[in-house]
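Visitor: I have a new model on my screen and would like a guided tour. Please start with the view itself.

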Amino acid sequence: MSPRKAAALRDSEDGRSLREHLIATAAQLISLRGTAELTVRAIAREAGVADGVLYNHFADKEELLANALAEHVRTVERGLGALPEPGSGTVESNLRAQLAYGLALHKEILPAFAGLLARPAVLARFGELAGDGANWRDRLAGYLGAEKELGRISGDVEAATAMLVGVCHETVLSGLFPHGPKVVTAPAVDAVVATVLAGIAAR
């Protein structure tokens, strides 16, 4: 005889496990309320389970939050669509798409990371889950490296990556503080891309 399905999942039609249900619930709370005051009790209540049930499926609170943060990031990325492939279109239009993607991504995920600065164990667990090459920064660097191999760009790929990612960080993080600089707009995205491609040396 199969075990009884947990009460919290009896009306579910997607076949996910209770562990997956808890991760999805915590990720949804991160999306709605952020991470600064996210508690085990709040997650359990939203998931429809007793507080102690969480520890039957996770070693500790940090493991649950790290998995929920990873799911939050994946959910945001799925909503942003695909990035351009190396060699397709023009480098300029591709970099605009990359930067627009990065800005939208960071707008959604940086507040969640900022709320966990006082919980370094969660961020360390998240890093272990993400692995190498899984984040947008690594994919951007990979894209630029591939374009360089194709001969469509030259110069320091790592420096260009840092500049584009830095724009995303500065734009979003400044918005979390009062009286910060204005959020980068579409014309500024064009200006950033043009500057990265052309450089700033006098001609």
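**A tour in questions**

Visitor: Which helices do the buried residues of helix 2 pack against?
Guide: A word on the source: this is a predicted model, where local features need pLDDT of at least 70 and side-chain atom pairs count only at pLDDT 80 or more, while totals for chains, interfaces and linings use all residues. Residues are numbered from 1 along each chain as its sequence is written, and side-chain values use heavy atoms, with hydrogens and water left out. In helix 2, Val40, Ala42, Ile43, Ala44 and Ala47 are buried, where buried means under 20% relative accessible area, exposed over 50% and partly exposed in between (1.4 Å probe, protein chains only). These buried residues pack against helix 1 and helix 3.

Visitor: How many helices and how many strands does the protein chain have?
Guide: Helices (H or I, at least four residues) and strands (E, at least two) are DSSP runs, numbered from the N terminus. Along the sequence the pattern reads α-α-α-α-α-α-α-α. The count for the protein chain is 8 helices and 0 strands.

Visitor: What share of the contacts with a separation of 6 or more joins residues 24 or more positions apart?
Guide: A contact here means heavy atoms within 4.5 Å. Among the 203 residues of the protein chain, 35% are buried. For contacts with a separation of 6 or more, the share between residues 24 or more positions apart is 67%.

Visitor: How far does helix 1 reach from its first C-alpha to its last?
Guide: Helix 1 covers residues 18–33, which is 16 residues. The expected span is 1.5 Å times one less than the number of residues. For helix 1 that expectation is 22 Å, and the model comes close to it, reaching 22 Å.

Visitor: What covers the buried residues of helix 1?
Guide: The buried residues of helix 1 are Leu18, His21, Leu22, Ile23, Thr25, Ala26, Ala27, Leu29 and Ile30. An α-helix has 3.6 residues a turn, so residues three or four places apart point the same way. The cover includes helix 2 (40–47), helix 3 (61–80) and helix 4 (91–114).

Visitor: Is Thr25 buried or exposed, and which residues does Thr25 contact beyond its sequence neighbours?
Guide: Thr25 sits in helix 1. Because its relative accessibility is 6%, Thr25 counts as buried. Leaving aside neighbours within four places in sequence, its contacts are Ile43, Glu46 and Ala47.

Visitor: How far apart are the C-alpha atoms of Ala66 and Leu123?
Guide: Ala66 is in helix 3, and at 1% relative accessibility Ala66 counts as buried. Beyond four places in sequence, Ala66 touches Val122, Arg125, Phe126 and Leu129. Ala66 and Leu123 are 57 residues apart along the chain, yet their C-alpha atoms are separated by 6.7 Å.

Visitor: Is helix 4 roughly parallel or antiparallel to helix 6?
Guide: Two packed helices are described by the angle between their axes and the distance between the axes. Helix 4 and helix 6 (residues 136–149) pack at about 175° with axes 11 Å apart, the axes being lines fitted to C-alpha atoms over the stretch in contact and the angles running from 0 to 180 degrees between N-to-C directions. Angles under 35 degrees count as roughly parallel, over 145 as roughly antiparallel, 65 to 115 as roughly perpendicular and the rest as oblique. Helix 4 and helix 6 are therefore roughly antiparallel.

Visitor: What is the C-alpha separation of His106 and Cys168?
Guide: His106 lies in helix 4 and, at 8% relative accessibility, counts as buried. Leaving aside neighbours within four places, its contacts are Pro111, Trp136, Cys168, His169 and Val172. His106 and Cys168 are 62 residues apart along the chain, and their C-alpha atoms are separated by 6.4 Å.
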